[in-house]
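Colleague: Could you take me through a few residues of this model, with the terms spelled out as we go?

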Amino acid sequence: MSTESSKERMEKTIAALKDSFNAIRTGRASASIFDRVRVDYYGQKSPLNQVATVSIPEARTVIVNPFDKSLITEIEKAILTADLGLNPSNDGKVIRIAIPPLTAERRKELTKQAKATAENSRTAIRNIRRDENEDLKKRQKAGEITEDELKKLGDELQKATDKFIAEINSIYDAKEKEIMD
C-alpha cells in the first residue's frame, strides 16, 4: 500500500459521507433525498431519476414527472416504501410531494444521525492511517525504506489524515446548520 492509495481511500470515505448526508432529509426540498428510491420498472429496480424527472418548483415542494405515465403508481409506492417520511399525491400526470417542516425533535434526531455518520467516517480515516502506518513499519523492517523515509511518510500521512478529518468536520457542520435552519 502507498500513501497515494491511502489518500484515495480517504477521498472515497469523504464521498460516502457526502452521499449519506444527501439522503438525510432537511426541511427544504431537495432532489438528492430521492437518490436511494428504487422503482419497480418492468421487473427491474431502477433509480427514480432514470424513470422520472424530479423538480423543485418551490422551497417545500417536489414534483416527480414520470417519463412513462403508467409508472405513476409504482413511483408513488416506491417513495412511500423508501421511508422518507413523505406523502406523495398524484393527479394522474405528476406526483406532488409537500416537504413538511421538521419538528424540533426530528431535527435533533437527524443531527444525532448525521453526527454518528460523521464519527464513523472519522474512524474510517483513522483506520486507513493505522493500516498505512503498519505497512510503512513493515517496509522499514524489510529494508525497503529508511527510518528517515518512514518518519517523512508518516508525517505526510498524518497531515493527510488531519486534512480529511477537518473536511469531515466542515461537511458535518454545514449539514447540522442545514438541518437546524
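Colleague: In which helix does K175 lie?

Modeller: This is a predicted model, in which local features need pLDDT of at least 70 and side-chain atom pairs count only at pLDDT 80 or more, while totals for chains, interfaces and linings use all residues. Residues are numbered from 1 along each chain as its sequence is written, and side-chain values use heavy atoms, with hydrogens and water left out. Helices (H or I, at least four residues) and strands (E, at least two) are DSSP runs, numbered from the N terminus. On that numbering, K175 lies within residues 147-180, which form helix α5.

Colleague: Does K175 count as buried or exposed?

Modeller: Buried means under 20% relative accessible area and exposed over 50%, with partly exposed in between (1.4 Å probe, protein chains only). Because K175 has a relative accessibility of 6%, K175 counts as buried.

Colleague: How far is the backbone oxygen of F21 from a polar atom of the side chain of K175?

Modeller: Leaving aside neighbours within four places in sequence, K175 is in contact (heavy atoms within 4.5 Å) with F21, I24, T26 and A114. From a polar atom of the K175 side chain to the backbone oxygen of F21, the distance is 2.8 Å.

Colleague: Which residue in the turn between β1 and β2 has a positive phi?

Modeller: Strands β1 and β2 pair in the antiparallel sense over four bridges, where pairing requires that DSSP finds at least two bridges. They form a hairpin with two residues between them, and D40 stands opposite K45 in β2. The residue with a positive phi of about 50 degrees, although not a glycine, is Y42.

Methods: Polar contact = N/O pair within 3.5 Å; in protein donor to acceptor, adjacent residues only side chain to side chain.
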